[in-house]
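Below is a briefing on one protein model.

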Amino acid sequence: MESMAKKFDVIVIGAGIMGSCTAYQLSKRGKKVLLLEQFDFLHHRGSSHGESRTIRCTYPEDYYSEMVLESAKLWEEAEAEIGYRVYFKTRHLDMGVPSDKSLQAVIASCQSNSIPHRVLNREQVIQEFSGVFEIPENWIGLATNLGGVLKPTKAVSMFQTLAIKNGAVLKDYMEVNEIKRDDERGGIRVCTKTGSKFWGEKCVVTVGAWMSKLVKTVSNRVLPIKPLHTSICYWRIKDGYNDNFSLEKGFPSFSSYGEPYIYGTPSLEFPGLLKIAVHGGYPCDPDKRTWAPALLGNEVTSWIKEKFADRIESAESVLTQSCMYSMTPDGDFLIDFLGGEEFGKDVVLAGGFSGHGFKMGPAIGRILAEMVMNGNAEGVELKYFKLDRFEENPRGNVKDYEDQVNSVKSKL
C-alpha cells in the first residue's frame, strides 16, 4: 500500500520564485503541499538566482502594473513574516525619446492605473537625480516612486522557508518525467527519473526554461516558449562617484527605451559596481548552455559613457552573471490550465515569464494557488495569459509598440 506521506493536496513542480511563492500561498491556506525541484535548491542554472532584480510598476500593459502593485504589498508581508529584507526600495526612472511608442504606452498606463508619475524634460531629470543622468536634449524621463532592488536567491529561500513553516514538504534532485491522471483514485500522479512517485489532487508546473520540454513529454502539447541565455553585467564606478549611485543617495532603478533596451539598479550587491544590462539574449537549450557571456556591442558602451557623463568605466564590464529568459512570442506570460480530457483543470501551467516576471512572483503565486483551489483567480484578467491565444494568432497578443527583448545571437 502506498505511503500516505506521498499523498498531497497539491504538487508544485519547479522551485524557482514562481513555484516557491505558490507553495507558500497554498500552505498558508492550509493545503498539504509538495514542492519538487529537479536540481539543488537555490541553484544557478535557471532564472531565479543571483544578486538583484528590478521592481517597477511602469509597463506598457495595464495588466502588469496592477500585478506589480499587488506584489509590492505581498513582498512586504512576507518580509514581515520572515524578519529580514529582500526588497530594497528606491525610485524608478524610465527614459527615451518622446516618440517611442513603448514609452508613451507606459505613460498612458500610469495615467489609467492612477500611478503617481511625473514626465520630466532633460533639465528636470538632471535636477531630480542630482546630475547623475545626462540624457540628450530631445529625451524625456518618467519618474515614479515604486522602484527598487529585489534579492532573488534570498527571496526564493524566504518563500521556501515560509512554506516549510506552514507545513509544506520540499524535495530537491527530483526531475519529473511523468505527470498522469490516476485512473483508480483520481487526481494526478507525478513520477521522477529516479523512480519516486507522488500523488496529488492537483498539480502546478512552474519549471521556467524547461517548460516546453516537460509539457511536450507529459502531454505532447507544444508550447511557444523559447529559452534565451542572457548576461547580467556590472560596471566599475569611477573613484569619487560611488555615493552618487547608491540607494542611500536616492539613485533609482532605471530603464532606457529604444535599441537596445537597457536597464539597471543602484549600486548595492557589489560595492563600487553598477548593474547595467541589456534586455535580451541568445537562444539556448537549457540543458546544453555554453555559459558564454553575450557580447553587448559598442552601442552599450556609448550609452553608458554618454548617459552617466563618464562617471562609469565604460570600456568593458568587470563582472557578468548568467541567467535565462523563457520567451513567448508576445512577451506575455503563460498562465493557464493544461486542459484536455486527461488533465482538465487539475494541472496548472505557469511559464514564459519573458525576462520580467520575477518582481510579480508573489502575486503570481497567489493567482496560481487560487486557480488550483477554486478553478479561477480573483482580481486578474487571465485572458492575456491563455495558452490558446497563439492558435488564433501565432504572435499572441497584439501590441502597438516595439518589442523590448531582442536576440543578440549574431553578436557572439
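Valine 169 lies in strand β7 (residues 169–171); helices (H or I, at least four residues) and strands (E, at least two) are DSSP runs, numbered from the N terminus. The model is predicted: local features need pLDDT of at least 70, side-chain atom pairs count only at pLDDT 80 or more, and totals for chains, interfaces and linings use all residues. Residues are numbered from 1 along each chain as its sequence is written, and side-chain values use heavy atoms, with hydrogens and water left out.

- Valine 169 is partly exposed, at 30% relative accessible area; buried means under 20%, exposed over 50%, and partly exposed in between (1.4 Å probe, protein chains only).
- Valine 169 and valine 33 are 136 residues apart in sequence, yet their C-alpha atoms are 6.2 Å apart in space.
- Beyond residues up to four places away in sequence, valine 169 touches Phe8, Val33, Leu34 and Leu35; contact means heavy atoms within 4.5 Å.
- Isoleucine 115 is in the loop between α3 (101–112) and β5 (117–120). Its relative accessible area is 6%, so isoleucine 115 is buried.
- Setting aside neighbours within four places in sequence, isoleucine 115 contacts Cys57, Ser65, Leu69, Cys110 and Thr144.
- Isoleucine 115 and glutamate 61 are 54 residues apart in sequence and 13 Å apart, C-alpha to C-alpha.
- Asparagine 376 sits in the loop between α9 (361–374) and α10 (389–392). It is partly exposed, with a relative accessible area of 39%.
- With neighbours within four places in sequence left aside, asparagine 376 is in contact with Glu370 and Met371.
- From asparagine 376 to glutamate 341 the separation is 35 residues in sequence and 19 Å in space, C-alpha to C-alpha.

**Aromatic rings**

- The structure holds 25 aromatic pairs. Rings of Phe, Tyr and Trp (its six-membered ring) pair if their centres lie within 6.5 Å; planes under 30 degrees apart count as stacked, over 60 as edge-to-face and the rest as tilted.
- Why is the pair of tyrosine 24 and phenylalanine 159 tilted? Their planes stand at 55 degrees, so the pair falls in that class, with ring centres 5.4 Å apart.
- This pair links distant parts of the chain. Tyrosine 24 is in helix α1 (residues 17–28) and phenylalanine 159 in helix α5 (residues 152–165), 135 residues apart.
- Tyrosine 24 is buried, at 3% relative accessible area. Phenylalanine 159 is buried too, at 1%.
- One aromatic cluster is formed by Tyr59, Tyr63, Tyr64, Phe333, Phe353, Tyr384 and Phe385.

**Charges over rings**

- The charged end of arginine 45 sits over the ring of phenylalanine 39, 3.8 Å from its centre. The cut-offs are NZ of Lys or CZ of Arg within 6 Å of the ring centre and within 35 degrees of the ring normal.
- Lysine 307 lies over the face of tryptophan 139, 4.8 Å from the ring centre.

**Backbone geometry**

- Most residues other than glycine have a negative phi, and most peptide bonds are trans.
- The peptide bond from glutamate 259 to proline 260 is cis, with omega near 0 degrees. Proline 260 is in the loop between β12 (253–256) and β13 (262–265).
- Alanine 309 has a positive phi, near 50 degrees. Its place is the loop between α7 (298–307) and β16, and its relative accessible area of 32% makes it partly exposed.
- Aspartate 310 also has a positive phi, near 65 degrees. It is in the loop between α7 and β16 and is partly exposed, at 35% relative accessible area.

- A search of the whole structure finds five cavities of 30 Å³ or more. On a 1 Å grid over the protein atoms alone, a cavity is a set of points where a 1.4 Å probe fits but cannot get out; lining residues have an atom within 4 Å of a point.
- The largest cavity has a volume of about 50 Å³. Grid points are joined across faces, edges and corners, and a volume is the space filled by probe spheres set on the points.
- The lining of the largest cavity includes His49, Arg53, Tyr234, Lys275 and Cys323.
- β11 (226–236) and β16 (319–327) each supply at least two lining residues. β16 gives the most, with three.

Terms used. On a 1 Å grid over the protein atoms alone, a cavity is a set of points where a 1.4 Å probe fits but cannot get out, and a pocket is an open set with protein on both sides within 12 Å along at least five of seven lines; lining residues have an atom within 4 Å of a point.
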